[in-house]
Amino acid sequence: MTPIKEDYLKIIFELGGAKKEVSNKQISLALGIAAGSVTEMVSKLKKEKLVTHRPYHDIALTKTGLDQAILLIRKHRLWETFLANDLAFALPDIHPEAEVLEHVTSPKLLARLDKFLGYPKHCPHGGVIPDADGHFQEESYTVLAQMPDGQTVTIERFIDDHDLLIYLADIKLELETQVTVLKHEPFDGPISVTTAEGQKFNISFKAAHNIFVTDENGASLEPTKKA
């Protein structure tokens with residue numbers, strides 16, 4: 001399988017494609033790729049029986065696609081955890097290194113790495129790490145962009161994207177931060193949020209679609225605003 005097809009399987013998994021259908025727009029925003037290119041690649045993945053997709057419907061992983069995505073995600077996120085925790089890599093820098101390492105990881109090495117790390121459940125950007133049997137904890141698939149003005153949320157995880165992680169490091173927005181949505185600017189403008197301490201952030205339209213949130217107690221939220 002080509003690296004770009006693997007990237008699609010991983011991003012569909014991240015967006016919730018193991019549990020529900022995800023939209024062309026969500027994939028386009030997450031990968032920074034034109035919607036037409038997403039449509040073309042999804043068609044190829046469908047022919048290989050890795051995803052399901054019907055005209056005017058969204059996209060989900062098949063059992064075969066999910067199995068492949070889980071293995072890719074498991075390898076990738078275990079290496080990210082090792083790079084961040086044991087080699088002190090900065091969060092924005094771990095993704096490209098893990099991309100290389102995941103392709104040369106044997107089952108034996110993967111098992112040893114998991115044991116060495118203490119069988120972590122989440123990677124440094126908050127994503128779940130499937131266990132050796134392919135099981136993984138439930139996580140939120142509701143993004144910040146879907147929250148209405150006045151809603152207080154907890155930042156649960158970020159999409160695994162180099163540019164996004166650099167952007168979030170620059171504005172100093174971290175996991176487990178509680179923020180209240182102040183305003184959605186029109187015409188795909190930024191979303192203004194504030195912390196309990198009064199620190200304000202203007203988060204770009206694209207970034208707000210790649211930041212997943214829970215309620216103040218860590219429970220999943222239902223989307224109340226069209227993404």
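Helix α1 (residues 3-14) packs against helix α3 (residues 35-47) at an angle of about 95°, and their axes lie 11 Å apart. α1 is therefore roughly perpendicular to α3, a description that covers angles of 65 to 115 degrees, whereas those under 35 count as roughly parallel, those over 145 as roughly antiparallel and the rest as oblique. On the α1 side the contact is made by Ile 4, Lys 5 and Tyr 8, and on the α3 side by Ser 37, Val 38, Met 41 and Leu 45, where contact means heavy atoms within 4.5 Å. Sorted by class, this contact of α1 with α3 has five nonpolar residues, one polar residue and one charged residue.

The model is a predicted one, in which local features need pLDDT of at least 70 and side-chain atom pairs count only at pLDDT 80 or more, while totals for chains, interfaces and linings use all residues. Residues are numbered from 1 along each chain as its sequence is written, and side-chain values use heavy atoms, with hydrogens and water left out.

Helix α3 also meets helix α2 (residues 24-31), and the axes of α2 and α3 come within 9 Å and cross at roughly 110°. α2 and α3 are therefore roughly perpendicular to each other, and their crossing is right-handed. Asn 24, Ile 27 and Ser 28 of α2 make this contact with Ala 35, Val 38 and Thr 39 of α3, which by class gives three nonpolar, three polar and no charged residues.

A search of the whole structure finds three aromatic pairs, a pair being two rings of Phe, Tyr or Trp (its six-membered ring) whose centres lie within 6.5 Å, with planes under 30 degrees apart counted as stacked, over 60 as edge-to-face and the rest as tilted. The rings of Trp 79 and Phe 82 have centres 5.8 Å apart and planes at 80°, so this pair is edge-to-face. Trp 79 and Phe 82 are three residues apart in helix α4 (residues 63-85), and they are therefore separated by about one helical turn. Trp 79, Phe 82 and Phe 116 form one aromatic cluster.

The table gives the relative accessible area of several residues, where buried means under 20%, exposed over 50% and partly exposed in between (1.4 Å probe, protein chains only).

| Residue | Relative accessible area | Class |
|---|---|---|
| Trp 79 | 10% | buried |
| Phe 82 | 19% | buried |
| Leu 165 | 3% | buried |
| Lys 49 | 60% | exposed |
| Phe 187 | 82% | exposed |

The backbone at two of these residues also deserves a look. Most residues other than glycine have a negative phi. Lys 49, however, has a positive phi of about 60° although it is not a glycine, and Lys 49 lies in the loop between α3 and β1 (51-53). Phe 187, likewise a residue other than glycine, has a positive phi near 55°, and its place is in the loop between β4 (178-184) and β5 (191-195).

Leu 165 is found in helix α7 (residues 162-171). Leaving aside its neighbours within four places in sequence, Leu 165 is in contact with Leu 91, Pro 92, His 125, Phe 158, Ile 159 and Asp 160. Leu 165 and Phe 116 are 49 residues apart along the chain, and their C-alpha atoms are separated by 26 Å.

Note on methods. Axes are lines fitted to C-alpha atoms, for helices over the stretch in contact, and angles run from 0 to 180 degrees between N-to-C directions. Helices (H or I, at least four residues) and strands (E, at least two) are DSSP runs, numbered from the N terminus. Ala, Val, Leu, Ile, Met, Phe, Trp, Tyr, Cys and Pro count as nonpolar, Asp, Glu, Lys and Arg as charged, and the others, Gly among them, as polar. A crossing is left-handed if the near helix is turned anticlockwise from the far one by less than a right angle, and right-handed if clockwise.
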